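Here is a friendly walk through one protein model, residue by residue. Please keep the viewer open while you read.

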Amino acid sequence: MRVIIKPDYESVSAWAAEYIVSKINAFAPTENKKFVLGLPTGSTPLGVYRELIKMYKEGKVSFENVITFNMDEYVGLPADHPQSYHYFMFENFFNHIDIKKENIHILDGMAKDAQLECENYEKAIAGCGGIDLFLGGIGEDGHIAFNEPFSSLTSRTRIKTLTSDTIKVNSRFFDYDISKVPTRAMTVGVGTIMDAKEVIILANGVKKAKAIYHGIEGAVSHKWTISVLQNHQHGIIVCDNEAASELEPDTIKYFKDIEK
Ligand code: PGA
């Protein structure tokens with residue numbers, strides 16, 4: 001695992017955006033060979049999306065031949081609901097770049113047959129040859145996508161019931177009214193994320209420090225689903241000093257040293 005420790009949120013976002021752009025450009029995607037990118041929502045990736053939009057506008061990257069798969073979506077929220085992840089992605093990223101609509105994949109939270117929707121999502125990912133790079137954030141409880149604590153580490157796309165902690169944390173997007181927060185979501189599984197050729201997880205702020213500690217120094221455990229990244233051949237955690245603040249000084253020294 002690589003761990004990149006940056007001083008603040010802006011430098012975490014800039015590092016991740018530059019890395020993603022370098023990967024897309026090195027891949028040199030074409031109509032017949034598209035780059036497949038997994039994407040998150042939440043507060044954390046906003047800085048990366050802003051940087052990617054800026055780099056697109058500066059002509060440093062094109063998303064014309066990029067396929068995207070989002071991590072998750074709330075069950076019961078239509079795409080035009082301002083708190084749906086569909087809405088979030090178009091508002092904060094897709095509307096500002098040259099991605100083709102047919103290359104965007106987001107789980108349909110209103111699907112009549114949710115099970116089938118999840119199965120088809122896995123098939124669509126496989127049909128595109130798998131995900132080249134999966135970008136994600138983490139929850140305070142160490143969840144990746146909506147894979148809450150004790151999710152199977154080999155799980156695939158499915159419906160998950162959200163924990164009361166996650167509902168409380170996410171209520172900030174729903175006027176702090178817990179009753180407005182959907183209680184279930186469709187989410188890619190831990191196994192789906194682990195199948196990506198490369199995974200980058202972002203974390204900033206002291207609220208994520210415990211999850212980062214368990215993810216990097218803890219044992220691999222379904223209690224902290226982030227910890228399974230230790231088993232990925234190309235896993236990268238990019239975090240700021242605050243999120244790294246519960247790591248042992250030796251750990252920080254090691255990762256800073258090796259990145260020199
Ligand atoms: P956040 O959420 O980026 O809004 O902190 C991350 C997550 O819950 O995965």
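The notes below begin with the ground rules, then turn to the ligand and to a handful of residues.

## Ground rules

This is a predicted model, in which local features need pLDDT of at least 70 and side-chain atom pairs count only at pLDDT 80 or more, while totals for chains, interfaces and linings use all residues. Residues are numbered from 1 along each chain as its sequence is written, and side-chain values use heavy atoms, with hydrogens and water left out.

## The ligand and its surroundings

Where does the ligand sit? The ligand is in the largest pocket. A pocket here is worked out on a 1 Å grid over the protein atoms alone, as an open set of points with protein on both sides within 12 Å along at least five of seven lines. A molecule sits in a pocket if more than half of its atoms lie within 2 Å of the pocket's grid points. Around the ligand you will find G42, S43, T44, G137, I138, G139, H143, R172 and K208, where a residue counts as near if one of its heavy atoms lies within 4 Å.

A polar side-chain atom of K208 is 2.6 Å from an oxygen atom of the ligand, and a polar side-chain atom of H143 is 2.7 Å from a ligand oxygen atom. S43 uses its backbone instead, with a polar atom there lying 2.9 Å from an oxygen atom of the ligand. Taken alone the ligand exposes 280 Å², and the protein buries 81% of that; accessible areas come from the Shrake-Rupley method with a 1.4 Å probe.

S13 is part of helix α1, residues 9-27. Helices (H or I, at least four residues) and strands (E, at least two) are DSSP runs, numbered from the N terminus. S13 counts as buried because its relative accessibility is 3%; buried means under 20% relative accessible area, exposed over 50%, and partly exposed in between, using a 1.4 Å probe and protein chains only. Not counting residues up to four places away in sequence, S13 touches G47, V48 and E51, contact meaning heavy atoms within 4.5 Å.

T187 belongs to strand β8, and T187 is buried because its relative accessible area is 0%. With residues up to four places away in sequence set aside, T187 touches M71, D72, L107, A145, F146, N147, R156, T157, R158 and K160. For F146, the backbone nitrogen lies 3.0 Å from a polar atom of the T187 side chain.

## The loop between α5 and β8

D175 and Y176 both take us to the loop between α5 and β8. This loop runs between α5 (164-170) and β8 (184-187). D175 counts as exposed because its relative accessibility is 58%. Its side chain makes a polar contact with the side chain of K180 at 2.5 Å; a polar contact is a pair of N or O atoms within 3.5 Å, and within protein one must be able to donate a hydrogen and the other to accept it, with residues adjacent in sequence counting only if both atoms are side-chain atoms.

Y176 has a positive phi of about 55° although it is not a glycine, and Y176 counts as exposed because its relative accessibility is 65%. A28 also calls for a look at the backbone: A28 is not a glycine, yet it has a positive phi of about 50°. A28 lies in the loop between α1 and β2 (35-39) and is partly exposed, with a relative accessible area of 43%.

H214 is in helix α7, residues 209-216. Leaving aside neighbours within four places in sequence, H214 is in contact with A219, W224, S227 and Q230. V220 is in the loop between α7 and β10 (235-240) and is partly exposed at 34% relative accessible area. With the sequence neighbours within four places left aside, V220 contacts L153, S227, V228, Q230 and N231.

Definitions and conventions: On a 1 Å grid over the protein atoms alone, a cavity is a set of points where a 1.4 Å probe fits but cannot get out, and a pocket is an open set with protein on both sides within 12 Å along at least five of seven lines; lining residues have an atom within 4 Å of a point.
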